[in-house]
Amino acid sequence: MIPSVLPGQPQLHYRDQALYLEDRRLSDLAREHGTPLYVYSQASMLQALAAYQRGFAGRRVQICYAMKANSSLAVLQLFAQNGCGFDIVSGGELQRVLAAGGDPAKVIFSGVGKSRAEMRQALEAGIGCFNVESEAELEVLSEVAQAMGLRAPISIRVNPNVDAKTHPYISTGLKGNKFGIAHERTLDTYRRAAQLPGLRIVGIDCHIGSQITEETPYLDAMDRLLDLVQAIEAAGIATIHHIDFGGGLGIDYNGDTPPAADALWSRLLAKLDARGYGDRLLMIEPGRSLVGNAGVCLTEVLYLKPGEQKNFCVVDAAMNDLPRPAMYQAYHAIVPLDAAAKAPEQVYDVVGPICESGDWLGKDRSLAVAAGDMLAVLSTGAYCSSMGSTYNTRARPAEVLVDGAQAHLIRAREGISDIFRCERLIPPKP
Ligand code: LLP
């Protein structure tokens, strides 16, 4: 039976009951590369990027892909080649950007815990901006830059105290969150930044959360941010050259209806224009909305395990490969690669082999499957592979990027010896 809804994934479709991503039959890729396997659609990523680019036509804008969503080198390469900068949160991510051919001048560095070594590394690379998240960080960054004879370009991440109405773990713009500087403290913090010799104020920044499906929190945050730009400039503290509005736009996992990127931005730009800031350089940091619906995770059914209360469908992908359900009770649709149903349809919890009750990928799913069948877990392009681990000494899956009928292996399956390469046995007793 062909599932009627494939949420959100524009390049995913059935042809003669076989599931395809772009022009590649996914069962062929599963056979060739083994499972679990991540497969991404290049066209989906570029379409998602194009929606933002359309929304910004004629504006000065820099899209900084929040690479934590999916930091595979080939994905970064694709975005770099299509004009993107990057939002990074660690020195490791900076190294990835450079390895993928990204332009360091288009890199912005977010995060509450940048180390001195990471600051030095980013200054040496010549990144575009540090998004500073605390007053203490401001002092340290100035010290580090001054010691290098430099002035670090900064913007301050404002916590606008706006409810993004999303899962509490991925809501970041409320007073109780660890992120950013409280709205009320912002003016004083800019005053302090202007006095510090190792800093150069270039912008202002906010990011209110992730998987946002409503427009209002964005519009409210924009108002609060612009109030601050006005106050900072009216007080003669600095000129705010760029306004960085963060990321957070949601995707369709299960009938979710986030605003389209171009529609959302036409409304936000109208607000910017109305308040007289339409000519400023705009920056945004989208992650999930560029890659989330471009990816699927392929997995093989190992066993069916009927039970008194529950039927379990045990698959070869697990919470280490795909942690979102275990971490956030997140919903990902699960569909067969071959829709010509051979088995009776039953309701299953789809679970992995890991020794934890939290190791599940989907609950109460109607599936017509038998052992040996292949399934696709949908909308897994963002925060799945990049959050994976090797828990239970399970090697990380391979990854393939599909471009039309072509498929490129962009990450080889990890070997078990790769996992313990850095470990050492205790030397024998003399
Ligand atoms: N900018 C900053 C400063 C961020 O912290 C984030 C995400 C983004 C941009 C990108 O947000 P996006 O456009 O992807 O929503 N692991 C969670 C999501 C964590 C988001 C962390 N920050 C999940 O799987 O839902």
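This is a predicted model: local features need pLDDT of at least 70, side-chain atom pairs count only at pLDDT 80 or more; totals for chains, interfaces and linings use all residues.
# Notebook: loops, pocket, ligand, cavity

I began with P36, which sits in the loop between α1 (26-33) and β4 (37-41). The bond from T35 to P36 is cis. Its omega is near -10°.

Q17 lies between β1 (12-15) and β2 (18-21).

**Entry: the largest pocket**

I looked up the volume of the largest pocket. I wrote down about 710 Å³. The lining of this pocket has 34 residues. Which of them are closest to the centre? I listed K68, V89, F179, H207 and Y383.

I sorted the lining by class. There are 11 nonpolar, 12 polar and 11 charged residues in the pocket lining.

I also asked where the lining comes from. Three helices each supply at least two of its residues: α4 (91-99), α10 (288-291) and α11 (324-328). Domains came next. Domain 1 (12-41 + 292-419) gives the pocket lining at least three residues, and domain 2 (110-286) also gives at least three.

**Entry: the ligand**

How many residues surround the ligand? I found 19. The closest are S210, E285, R288, R324 and Y383.

In S210, a polar side-chain atom is 2.3 Å from an oxygen atom of the ligand. In Y383, a polar side-chain atom is 2.6 Å from a ligand oxygen atom. For Y328, the ligand atom is a nitrogen, and it lies 2.7 Å from an N or O atom of the side chain.

How much of the ligand does the protein cover? On its own, the ligand has 580 Å² of accessible area. The protein covers 92% of that.

**Entry: the cavity**

I searched the whole structure for cavities of 30 Å³ or more and found one. For the largest cavity I noted a volume of about 50 Å³.

Which residues line the largest cavity? I wrote down Y52, Y218, G246, G247, G248, L249, L264, W265, I284, E285 and P286. By class, this lining has seven nonpolar, three polar and one charged residues.

Methods:
Residues are numbered from 1 along each chain as its sequence is written. Side-chain values use heavy atoms; hydrogens and water are left out. On a 1 Å grid over the protein atoms alone, a cavity is a set of points where a 1.4 Å probe fits but cannot get out, and a pocket is an open set with protein on both sides within 12 Å along at least five of seven lines; lining residues have an atom within 4 Å of a point. Grid points are joined across faces, edges and corners, and a volume is the space filled by probe spheres set on the points. Helices (H or I, at least four residues) and strands (E, at least two) are DSSP runs, numbered from the N terminus. Ala, Val, Leu, Ile, Met, Phe, Trp, Tyr, Cys and Pro count as nonpolar, Asp, Glu, Lys and Arg as charged, and the others, Gly among them, as polar. Domain bounds come from an automatic or database domain assignment. A residue is near a molecule or strand if one of its heavy atoms lies within 4 Å of it. A polar contact is a pair of N or O atoms within 3.5 Å; within protein, one must be able to donate a hydrogen and the other to accept it, and residues adjacent in sequence count only if both atoms are side-chain atoms. Accessible areas come from the Shrake-Rupley method with a 1.4 Å probe; for residues, only the protein chains shown count as cover.
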